[in-house]
Amino acid sequence: MYDLVVIGSGPGGEGAAMKGVKSGLKVAMVDLRKDPGGNCAHQGTIPSKALRQSMHNYIEFRRNPLFRNHLDQFNLELPALLSSARSVIREQTEMRKDFYDRNAVERMQGRAKFTDDHRILVERDESPLEIESKSFVIATGSRPYRPAGLDFSHPRIRDSDTILEMETTPRTITIYGAGVIGCEYASIFRNMGMKVNLVNTRDKLLSFLDDEIIDALAYHLREQGVLIRHNEEFESLEIGDDSVTLKLQSGKEIHSDVLFWANGRSGNTNDLGLDSLGIQVDHRGYVKTNEYYQSDLPHIYAVGDVVGYPSLASASYDQGRAAVSHLVGEDLPPLLPEKIPTGIYTSPEISSLGKTERELTDAKVPYEVGHSFFRSLARAQITGYNVGMLKILFHRETLAILGIHCFGYQAAEILHIGQAIMEQPGAGNTLQYFVHTTFNYPTMAEAYRVAALNGLNRL
């Protein structure tokens, strides 16, 4: 008998397991893979970001005038770039194995299925194993949505689980779906020299972002050579010997070497046996939970991508910890999605926290804007990464910071400075902090002082 069984070893499951064992619970972990880390480590966040870093290193080399005469010696191919990603995956999984071993969390490989609300059956290569537990955390993640009629076993049709398994580098690629995954890979592949078609089913990219950031992203993707088509819908796909043809409902036909389907995801809840327990799952396979991540059965929690939005590795880890904190009776406030920063690893990258101009306008909040354009910062001029900006939205009367939006090199790192100030209670969250604080020079952090002064000058 366990106190807690966690199903899934991604960030959400790891957060839950570590919090459980630190709270004195007897914890077991069940996962389909032999090595921990979940989809995040093996197929999603870590491989794609490692590939992006390799791509970034190549761009750095290509831009450096010292090496300009040696560029012809290098032939950039996808399999070679992926070798560094595999080494990072190995490091990540070995580190996580050590976490579980040092904290005496028993790991089991197999497919879990509930037989009743306190028991699961773990199907494995050897004989099945039945486990009993007082409580559970479901952290099984999500998978790419695969529409009927598309043969994802064909080497010219890929999704985010298989895109990094390509053995050759295509000359042209069509990405259907312009969400976070689609935009990130569009940046990566275009910088590798591929011709990229990005097909968006909506009227703008990443509509949850601030409009100014959306416009900047679209501009720079197009400037890099990505062809973006908005408001398009899939009609059919023809596969030839050496290409694929995507046919859209508008009548357009797009030819390329590979189709990358990046339109939607589904929660990994099939075959878990949740129906028999009366646990609600929506049409996309996401578990419905309350603000403490409890399902319809209060001792069964669900966290991470399997509950849907915001579907971020960072959020998943904190959700796992928050769920077990509630389980053990800690009196903590719910983890609010609006306090979770967004990091999007396009090129340039994007990060944001808090309200957008659109949201503040709709709510009739009196706000003002402070800008700092990277091209005016000494550090950006020195590094050559002078594309981008920091944007601070603040209340005109109280000067409280309402939103921070950053576009450019290391945006996801830069944002955390502003996040720390936004989290300060009461009068601690104010634009004046950036005005009266001395920043190292030259640094990118100086953008906060520039943006704050810019905003005050508008009052």
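Hi everyone, let's start in a loop: Pro-348 sits between strand 18 (342–344) and strand 19 (350–354). Strands here are DSSP runs of E with at least two residues, helices are runs of H or I with at least four residues, and both are numbered from the N terminus. The bond from Ser-347 into Pro-348 is cis, with omega near 0 degrees.

A word on the source: this is a predicted model, where local features need pLDDT of at least 70, side-chain atom pairs count only at pLDDT 80 or more, and totals for chains, interfaces and linings use all residues. Residues are numbered from 1 along each chain as its sequence is written, and side-chain values use heavy atoms, leaving out hydrogens and water.

Where is Pro-310 found? Look in the loop between strand 17 (300–302) and helix 7 (313–327). Tyr-309 and Pro-310 are also joined by a cis peptide bond, with omega about 5 degrees.

Next, phi. Most residues other than glycine have a negative phi, and most peptide bonds are trans. Lys-364 has a positive phi of about 55 degrees, and it lies in the loop between helix 8 (357–362) and strand 20 (367–373). Asp-271 has a positive phi too, near 70 degrees, in the loop between strand 16 (265–267) and strand 17.

Three strands form an open, antiparallel sheet in the order 12-13-14; strands count as paired if DSSP finds at least two bridges between them. Strand 12 (234–239) and strand 14 (253–256) are the edges, each pairing on one side only. Strand 13 (residues 244–248) meets strand 14 over four bridges, and Leu-246 stands opposite Ile-254 of strand 14.
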